[in-house]
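Hi,

Here is the structure I promised to pass on. Have a look first, and my notes on the charges and the fold follow below.

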Amino acid sequence: MAKDQTVLFHSTIFGPIHSRRLGVSLGVNLSPNDGKVCSFDCLYCEAGFNSQGPGTTGLPPRENVRRDLEKKLKEMSDKGDTLDVITFSGNGEPTLHPDFPGIIDDTMELRDRYFPKAKVSVLSNSTRIFTPSVAEALKRVDNNILKLDSGIEPTMRLIDQPVSKEFTVERVVEGLKQFHDNAIIQTMILRGEHGGKKIDNTTDEEVEALIKAYKEIKPREVMLYSLDRSTPEEKLVKVEKDELEKIGKRIAEEAGVKVQVN
């Protein structure tokens, strides 16, 4: 069963908030502030399903993002605040913004000026890694966090519901290889049901497929996490931390990668 859920960030710059994975994080939302624009339609997305529409405000222009970000960073710097990371996330997929590479350039410059020790992170669903300018921008950030929720095609399509039929597990794994140790792979572990179909990416078959993919990609790190907030699909079940840690330990041993469990 799905429900109408809309939990949106209503500004381009939001926070800072405390991220369970990244620390004190200042968010950057490159999607509309009254709607959602994404190339996935994930069952677990806290922003809700794409059917809510893109809203009316449109994507924020590059110059506005730079202006608003500089204003907030200067304000925080003047107050002596702490900042661990500037994180691109928000109401959809940040790399869909047509000026994404230029916005990354602006952000790196402003970070160096106001908070040189802070990291720049991008949370991406991996759908735009095939665009050279986007891939090069992702290679420049400190934490290039890319999604892979399953190594099995039907499971990935059921959980993530990619808009494009051309987006496949085989293709994305091949595309992710270009980043190697410049990539952090983020995987949502969950159980549940959607449209009468069972979801469970904790099974041996699923974990083995993920291990195979991680071994091919050779990322710097793998982030495993489960549900933390309300989801638009109500029949999803959180996997508790002790089970996540067991899965993480197996992945670390068999894939030879560092695994962070949140």
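Let me start with the charges: the chain carries 38 positive and 43 negative ones, and their mean positions are 2 Å apart. Keep in mind that this is a predicted model.

Side chains of opposite charge can pair when their charged atoms come close. Here the count comes to 26 salt bridges.

- Lys-212 and Glu-216 pair up with N and O 3.0 Å apart. Both sit in helix 6 (residues 204–217), 4 residues apart, or about one turn of the helix. Lys-212 is exposed, at 54% relative accessible area, while Glu-216 counts as partly exposed at 27%.
- Asp-41 bridges to Lys-36, with 3.8 Å between the closest N and O atoms. Buried means under 20% relative accessible area, so Asp-41 at 18% is buried, and Lys-36 is buried too, at 5%.
- Asp-149 and Lys-147 also form a salt bridge, at 3.8 Å from N to O, and both residues are buried.
- There is a salt-bridge network as well, linking Arg-62, Arg-66, Glu-70, Asp-106, Glu-109 and Arg-113.

As for the overall fold, the chain has 7 helices and 11 strands. Its radius of gyration is 18 Å, which agrees with the value near 18 Å for a compact globule of 262 residues. The C-alpha trace spans about 50 × 40 × 35 Å along its principal axes.

Buried residues make up 54% of the chain. Of the contacts with a separation of 6 or more, 74% come from residues 24 or more positions apart.

Cheers

Methods: Residues are numbered from 1 along each chain as its sequence is written. This is a predicted model: local features need pLDDT of at least 70, side-chain atom pairs count only at pLDDT 80 or more; totals for chains, interfaces and linings use all residues. Side-chain values use heavy atoms; hydrogens and water are left out. Helices (H or I, at least four residues) and strands (E, at least two) are DSSP runs, numbered from the N terminus. The radius of gyration is taken over C-alpha atoms; the globule rule is 2.2 Å times the number of residues to the power 0.38. Buried means under 20% relative accessible area, exposed over 50%, partly exposed in between (1.4 Å probe, protein chains only). Contact means heavy atoms within 4.5 Å. Lys and Arg count as positive and Asp and Glu as negative; His and the chain ends are not counted. The place of a charge is taken as NZ of Lys, CZ of Arg, CG of Asp or CD of Glu. A salt bridge is a side-chain nitrogen of Lys or Arg within 4 Å of a carboxyl oxygen of Asp or Glu.
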